[in-house]
Amino acid sequence: METVETLHMNKGAGETSYAMNSFVQRKIISLTNQATKKAIVEILCSTKRWPIMKMGIADLGCSSGPNALRVISEIVEAINATSSMLNRPAPKELMLYMNDLFTNDFNNIFASLPSFHKKLSQQKGNNNHHDHNGSNCFVSAVPGTFYGRLFPTKSLHFVHSSSSLHWLSKAPGGLEDERGKGLNKGKLYISKSSPNCVLKAYSQQFKNDFSQFLESRSQEMVHGGRMVLSFMGRESMDPTSPNCCYQWELLAQALMTLVLEGLVEEEKVDSFNAPYYAPCFEELKMEIEKEGSFMVNSHEAYEIDWDDGIELQSDDTMISGERVAKTIRAVVESMLEYHFGSHIMDELFQRFAKFVEDHLSKTRTKYINLIISLVKRQ
């Protein structure tokens, strides 16, 4: 399964859309704020030539909805604040690149650009989106996979990516036996019952992809450029630890109830392998050192509740399981619909919500979010 063909967040602004169900991702973005500001300060403090004429900034895996322009807005704010702190003019031009797969809802982003520029104008106290203390901001969309080249050589000073690099370029190969039957029976991802060959295949696919990501960015970034990367991961060396895979376990259990009722073919479940991998820091460090173009500046890990960041309304009657199911549906539905068909989606996620609610009533399994800051070597 090629991710570029099947993965996109649910579009629009409806009840199951990503725009209305991306609170957890917003929480994760807020956790990267300090690392982002620190990286901007380091870039501007290390710059020897002033004024800076042009600065390239990319948000990779920007998705859509309210989070997309929030990241870029905060980066621009950090650049202007740091320039003011240094008593230097802000860069003349900021090239702000929004990247995601071709199927992303870029129209949603474009529709929000007027309010984005209006916000910048208000922050700087005039009616234009630039003045002598601020920068000209040029926003553009760059569709395509970040597991390859996207930008001209040495055109980027800062790269940000949140909640994206845990998605693989494709599902790992070699997960079928000689008869073409799925080896990871009854599962959608790595689990305690997965054969060792499944664990190895997922690990190798992540290493291949992350190496390609680093190699591509190394050509696109200037010397001394920074990257702040944030994605789902794990603190344990064990890839079957609940923090990194149990949401997939519960989704598989919900699907298997549909199998028992004859609504889904068991072979369909066996043949689905999520193009996803939650790495540990040791795996990241190994690939970074092997590729050789970047140094690790800092790294952190945070625990996040499955329904963290969700704002409850006074009339909200949804149980926690339903809220979690909606956030996950907004992300993975496109892939599941492609493989299993749209006709089971409502029933599947209703059952999934019940499994989640039952699980959370017994234990508060959390996501682990990894944040890593990298510096491009001279």
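**Exercise 1. Work out whether arginine 179 is buried or exposed, then find which residue it pairs with in a salt bridge.**

Step 1. Arginine 179 has a relative accessible area of 64%. Exposed means over 50%, so arginine 179 goes in the exposed group.

Step 2. Now look for its partner. This is a predicted model, and in it arginine 179 forms a salt bridge with aspartate 177. Their closest N and O atoms are 3.3 Å apart. The cut-off for a salt bridge is 4 Å, so the pair counts.

**Exercise 2. Find where in the chain lysine 366 and aspartate 305 sit, and say whether they are buried, partly exposed or exposed.**

Step 1. Start with the contact itself: lysine 366 and aspartate 305 form a salt bridge, with 2.4 Å between the closest N and O atoms.

Step 2. Lysine 366 belongs to strand 7 (residues 366-376), while aspartate 305 belongs to strand 6 (residues 294-305). That's 61 residues apart, so this pair links distant parts of the chain.

Step 3. Check the accessibility. Lysine 366 comes out at 23% and aspartate 305 at 21%. Buried means under 20% and exposed over 50%, so lysine 366 is partly exposed, and aspartate 305 is partly exposed too.

**Exercise 3. Zoom out and work out whether the radius of gyration of the protein agrees with that of a compact globule.**

Step 1. For 378 residues, a compact globule would have a radius of gyration near 21 Å.

Step 2. Compare. The protein has 21 Å, so the two agree.

Step 3. The C-alpha atoms fill a box of roughly 65 × 50 × 35 Å along the principal axes, and 56% of the residues count as buried.

Step 4. Finish with the fold: you'll find 11 helices and seven strands. Among contacts between residues at least 6 apart in sequence, 83% join residues at least 24 apart.

Methods. Residues numbered from 1 in each chain as written. Predicted model: local features only at pLDDT ≥ 70, side-chain atom pairs only at ≥ 80, totals over all residues. Heavy atoms only, no water. Helix = DSSP H or I, 4+ residues; strand = E, 2+ residues; numbered from the N terminus. Rg over C-alpha atoms; globule rule 2.2 N^0.38 Å. Buried < 20%, exposed > 50% of the residue type's maximum accessible area, 1.4 Å probe, protein only. Contact = heavy atoms within 4.5 Å. Salt bridge = Lys/Arg side-chain N within 4 Å of Asp/Glu carboxyl O.
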